[in-house]
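User: I would like a close look at one part of this model, taken slowly and with the residues named.

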Amino acid sequence: MVSFPPLYTSHCRSAPPMSRPGADQLGDVAKGGIEQTPDLPTKRDYVSPGSLGSSTCCVPERNAGSYLYFEPGDAFCCRRMCLKEPQEADHQFVTHFSGWSQHPSGRVRSMLRRFSYVISIYLLVASSLAATTAHVLHTRANPAVLGGDPLASLADIKPKYLVLMVLDGARPDYFGLTPLPHVDALRAGGTQFTNAIDGILEAETPSGHATIATGSRPSRDGILGFDWVNDNDRYSLFDPSQMGALVQLMQESRAPTIAGLYKKQYPRARVVALSGHKYYAAAPLGGPNADAIMYFQGDSKGRYVPVAVPGHTPPASVLNAPELTFPTTHPPDGVENHLTTLLALTAVRQMHPRLLLINYAEFDWPLGHVYGGSLDAAKVIADMKTFDADLGRLEDAYRKAGILDQTLFVITADHGMMPITHFVPATVISDAVTRAGTTAPNIASSSADYIWLADATKAQAVAQNVLAAHDPGIQAAYYLTAIQGKPRYVSAGTSGVSSAMERANQYLLDSLLNGHEPSVVVFGGEGVSFSDPKTGWKADHGGNSWQSQHIPLILAGPGIQSGEVSSAPVQLEDVAPTVLTDMGVQPSGMEGHVLNDALVQSSSVAQHARAVEIGQMTPIVSALASESRH
Ligand SMILES: [Zn+2]
């Protein structure tokens, strides 16, 4: 049996096991805090009467779009924490989702009006700030002027500061839907890659951020996704208490990180990594050497406050800054990303970090999973405008500090976001496992299915059984075997997969091979999800689909080519070595390549390596992209 993943506060640790083996359907919504279970538990399975302080206060919530599993008066766990006052809190929760059929009480309605008012004012101020600062930024990317020495060559100017912003699960087509003064200025003054991909599996938040930080794939850095199996024991990172372990895993992998290599050269430099609710993004982004790793969670007073990963705690004055406390744990759309920026600004003021690494969580959830991402252009535009205004605030702070022109800005995503057109029934997988005569200690379901088997010798049978179910959404099934003593995934059937796509799949599958890789991997076609349809999700990611893999990548600042748009293939692992090289630090030991096509100057060695990468990746990117047009 699989143990139910622990919830978010220490009050919520003892939950019963799920009823279907290996059926942990955690997606990024659950990753954002909603428990998802494949079989609907009854309320009494989970609730112990009593208040927040009881050992089992958790009621899993399902279906972010339409209903929650609790009744007024129960204590329950919601997106980020256990709440003391569910009757009030449940209505606050309503503000975050569409499709809720009940009407808030009068008191809550007035509260909602108050929130709407606050947000409107905020957006108004943010927009005007954006407009007034945009024209200044258009001139920012002229390092020859800013360097102070008109004779200095562009290549001599190295950025001293980094602001790396990961728009969690943001699609490239979010850029360009509406004028974004600050983002557009960065794009115009920097280099943009239009064919950037994750290049890894699982295309998930912890693994994506670990690859951004390490410039290496999960096969090297050890972070596969949210969960896996070691010696038939399920291991889950999905709990704040696991963040120390996550960082430890990265350390044990000995994969160098941006923070580690930079601090090796500049020991006194400070590195800050942070997120909204995604501790599992902030922790891998910062890694073992980050000075501060912070995220937001609910506190015992029902407020939303910043906290730190143990061992990576900033000065108390950062976490205690009054503007960082939000009065409820369910801020309306846009607020969490904005709070993230406020936390970043506080850290900048008080810690003066050389490297500032930010995860913007709302692009993934709720924008992606709940609203469908590109399916809801109005919500995409709203989030992008909020982000643009926040970018303006960050740039303004750096300008006032006199360091804007010594700063490299990077905008990217940890994975893509794929609107869902078909759900593969969970029984396709569970029946395949059962018929093969084994069980699955863990299954990670997303736009691919990753299956860890109790009896790994049954992997081929399970993969063949999956294909034999003839579900129209299934593209391919691979089983793990050993070829000449080395682990390797082998396709259980070749029908319907072109040789180009087979090579692309193999390239991605190789990124899983780190010793705790799944026994079977099943790919769906574009638009296909293995997550539980009862989640009500409209979009997903995690697998090999083009929309799961395709990500934005923009770099701008000293040493970066201005006004460059490149369609050359790029992978997430290339971000770290490129950033470090531009900052004058050798990216030793990283797997990724230096994107010399973005740099004003680069070595011939880097140019050769990059040319080899482009040669290798072009058919892979082309195969993945063409699959999306089928
Ligand atoms: Zn993510």
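User: Which residues does valine 462 touch, not counting residues up to four places away in sequence? Please go on from there to the sheet and the helices around that part.

Analyst: The model is a predicted one, and what follows should be read with that in mind. Not counting residues up to four places away in sequence, valine 462 touches Ala432, Val433, Ala436, Ile451, Leu453, Tyr479 and Val520. The largest nonpolar core has 160 residues, and among these Val462 and Val520 touch the most other members. In general, nonpolar side chains in soluble globular proteins tend to be buried together.

The sheet in this part is open and has five strands in the order E14-E15-E18-E16-E17, paired in the antiparallel sense. Its edge strands, each pairing on one side only, are E14 and E17, and neighbouring strands are turned against each other by 20° on average, direction ignored.

E14 runs antiparallel to strand E15 (residues 448-452), to which four bridges join it, and a hairpin through two residues connects E14 with E15. Within this pair, alanine 444 stands opposite tyrosine 450 of E15. Further into the strand order, E16 and E18 pair over five bridges, again in the antiparallel sense, with alanine 476 opposite phenylalanine 523 of E18.

Helix H17 (residues 459-468) lies across E15, E16 and E18, and runs at about 170° to E16. Helix H18 also packs on the sheet, where it touches E16, E17 and E18, and its direction makes about 145° with that of E17.

The length of H18 can be checked against its residue count: at 1.5 Å a residue, the twelve residues of H18 (residues 499-510) should span 16 Å, and because the end C-alpha atoms are 16 Å apart, the two values agree. The buried residues of H18 are Met501, Ala504, Asn505, Tyr507, Leu508 and Leu509. What covers the buried residues of H18 includes strands E16 (474-483), E17 (486-491) and E18 (520-524), together with helix H21 (604-627).

Definitions and conventions. Residues numbered from 1 in each chain as written. Predicted model: local features only at pLDDT ≥ 70, side-chain atom pairs only at ≥ 80, totals over all residues. Core = buried A, V, L, I, M, F, W, Y, C linked by C-beta atoms within 7 Å. Buried ≥ 20, exposed ≤ 12 C-beta atoms within 10 Å, placed from the backbone. Contact = placed C-beta atoms within 7 Å. Pairing = 2+ DSSP bridges. Expected span 1.5 Å × (residues − 1). Axes fitted to C-alpha atoms, helices over the stretch in contact; angles between N-to-C directions.
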